Amino acid sequence: MEVSCFSQNVLLVTLLLAIAVSLVESQGTKVGFYSTSCPRVESIVRSTVQSHFGSDPTIAPGLLRMHFHDCFVHGCDASILIDGPGTEKTAPPNLLLRGYEVIDDAKTQLEAACPGVVSCADILALAARDSVVLTRGASWAVPTGRRDGTVSQASDAANLPGFRDSVDVQKQKFAAKGLNTQDLVTLVGGHTIGTTACQFFRYRLYNFTTTGNGADPAITAAFVSQLQALCPQNGDGSRRIGLDTGSVNRFDNSFFANLRDGKGILESDQRLWTDASTKTFVQRFLGIRGLLGLTFNIEFGRSMVKMSNIEVKTGTVGEIRKVCSKVN
């Protein structure tokens, strides 16, 4: 009976992913876009990410976050990669992004193998997927065929979700990109890997309230003490702290357990548990009895496919950059 149920679940997951991919392909991208023009594209990107990951595992959350920040501004068009004064790179939310050298490395290799064929936007989408796999998350088929944008302005990064955003604001920002509440919770779950700096959450630990210990009451009291030891009130604001306590380097659903237990690091993350509209999805990822369960790894792939096709440029729109940091 267990084998039968498992087989049915596998078939269901395969069907759902196939539906998601078919919807995406109607938007101009498709799985295997480079199957004849550059058949080794995925293996080249994968081996490049793997090589950099081997010497610096923190590159995985860096690439995932970079893809997210790219897609929310002008769509997934690699505008985040363009150098220059006043570009997206220079916007405050993007100053700590990292992993540019990985994309540049992959692009150099792809230009040698297939000159002028593979877009930087597709390299970034593939690298984000490979980063999840390297941190023991599930893989998914990445539709390709995006072209690179030619506009990159720091002022346009103002619509990126922020660490102090309420759930309503987060939902508005995601809805503006065609992403629903489930997508919001699922994609924020990407914080299961990676770190943040004390400066982005320390305000929650001191003088947040005028009662009790002065900390955000959404944080478990014992955890407040741990965080205060790591991030003293007048300490180094750049010190890095894991976003998923106890599982910072593994792509899993423990991030949601931490939200349930009052151990969300960013205020915007913890609010997913305190707001009823998002709490249900957190509970479903945790398999709370009485609710229809959701498998985080599977849903993450589906939401990533949706996100990676936000306002994509295909056909003759945009360009294929020769160098990812420069418009042709």
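This is a predicted model: local features need pLDDT of at least 70, side-chain atom pairs count only at pLDDT 80 or more; totals for chains, interfaces and linings use all residues.
## The largest pocket

The largest pocket has a volume of about 1,000 Å³. Its lining comprises 40 residues. Those closest to the pocket centre are Arg 65, His 69, His 191, Leu 243 and Leu 266.

By class, 24 of the lining residues are nonpolar. Another twelve are polar, and four are charged.

## Where the lining comes from

Domain 1 (40–160) and domain 2 (167–306) each give at least three residues.

Helix α3 provides the largest share of the lining, six residues.

## His 69

His 69 sits in helix α3, and is among the residues closest to the centre of the largest pocket. An unreviewed UniProt entry places the feature "active site" at His 69.

Is His 69 buried or exposed? His 69 has a relative accessible area of 8%. Buried means under 20%, so His 69 counts as buried.

Which residues does His 69 touch, leaving aside those up to four places away in sequence? The contacts are Pro 93, Asn 94, Leu 97 and Leu 160.

## In brief

Helix α3, which holds His 69, gives six residues to the lining of the largest pocket.

Definitions and conventions:
Residues are numbered from 1 along each chain as its sequence is written. Side-chain values use heavy atoms; hydrogens and water are left out. On a 1 Å grid over the protein atoms alone, a cavity is a set of points where a 1.4 Å probe fits but cannot get out, and a pocket is an open set with protein on both sides within 12 Å along at least five of seven lines; lining residues have an atom within 4 Å of a point. Grid points are joined across faces, edges and corners, and a volume is the space filled by probe spheres set on the points. Helices (H or I, at least four residues) and strands (E, at least two) are DSSP runs, numbered from the N terminus. Ala, Val, Leu, Ile, Met, Phe, Trp, Tyr, Cys and Pro count as nonpolar, Asp, Glu, Lys and Arg as charged, and the others, Gly among them, as polar. Domain bounds come from an automatic or database domain assignment. UniProt positions are given in the numbering used here, feature names are shortened, and annotations may be inferred rather than shown by experiment. Buried means under 20% relative accessible area, exposed over 50%, partly exposed in between (1.4 Å probe, protein chains only). Contact means heavy atoms within 4.5 Å.
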